[in-house]
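Me: I have a structure open here and would like to talk it through with you. Can we go over it bit by bit?

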Amino acid sequence: MFRRTFWFTAGAAAGVWATTKVNRKIRQLTPESLAAQAADKALEAGHKLKDFALDVREGMVRREAELGGALGIEAADDPGPAGYRSLPYNSNNRNEDH
């Protein structure tokens, strides 16, 4: 009698566990969930790309300063934060009042 009760309980627990796992996986594969995951990955990739570009720019400015020093060329007076050039603001917003 106890043996049957044990196996019945074990089977019921396994069924509940499997049902929970399947339902969780189904929720992960809905279109909304997949879109949210893709958006998160795109944001993460964008942040990594931005960090890489900033590292490259910093290295470029440092190397230009080294080369300028080695060649005896004076650096520009305060090129701005980390060597950025300021570009003119050009809004492409067509809804703006002109």
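Me: What share of the residues in the protein chain is buried?
Reply: In this predicted model, buried residues make up 2% of the 98 residues in the protein chain.

Me: Which secondary structure elements does the protein chain have, then?
Reply: The protein chain has two helices and zero strands; helix H1 covers residues 2-28.

Me: Switching to aromatics, how many aromatic pairs are there?
Reply: The count comes to one aromatic pair. Phe 6 and Trp 7 form that pair in an edge-to-face arrangement, with 5.0 Å from centre to centre and 75° between the planes.

Me: Are Phe 6 and Trp 7 buried or exposed?
Reply: Phe 6 is exposed, because its relative accessible area of 52% is over the 50% cut-off. Trp 7 is likewise exposed, with a relative accessible area of 56%.

Me: New topic, charges: which residues gather in the patch of positive charge?
Reply: Lys 21, Arg 24, Lys 25 and Arg 27 gather in that patch on the surface.

Me: Where is Lys 25 placed?
Reply: Lys 25 lies in helix H1, which runs over residues 2-28.

Me: Why does Lys 25 count as partly exposed?
Reply: Lys 25 counts as partly exposed because its relative accessibility is 48%, and that class lies between the 20% limit for buried and the 50% limit for exposed.

Technical notes
Residues are numbered from 1 along each chain as its sequence is written. This is a predicted model: local features need pLDDT of at least 70, side-chain atom pairs count only at pLDDT 80 or more; totals for chains, interfaces and linings use all residues. Side-chain values use heavy atoms; hydrogens and water are left out. Helices (H or I, at least four residues) and strands (E, at least two) are DSSP runs, numbered from the N terminus. Buried means under 20% relative accessible area, exposed over 50%, partly exposed in between (1.4 Å probe, protein chains only). Rings of Phe, Tyr and Trp (its six-membered ring) pair if their centres lie within 6.5 Å; planes under 30 degrees apart count as stacked, over 60 as edge-to-face and the rest as tilted. Patches are made of residues with over 30% relative accessible area and no salt bridge: like charges are joined within 9 Å, nonpolar side chains (Val, Leu, Ile, Met, Phe, Trp, Tyr) within 5 Å. Accessible areas come from the Shrake-Rupley method with a 1.4 Å probe; for residues, only the protein chains shown count as cover. A salt bridge is a side-chain nitrogen of Lys or Arg within 4 Å of a carboxyl oxygen of Asp or Glu. Lys and Arg count as positive and Asp and Glu as negative; His and the chain ends are not counted. The place of a charge is taken as NZ of Lys, CZ of Arg, CG of Asp or CD of Glu.
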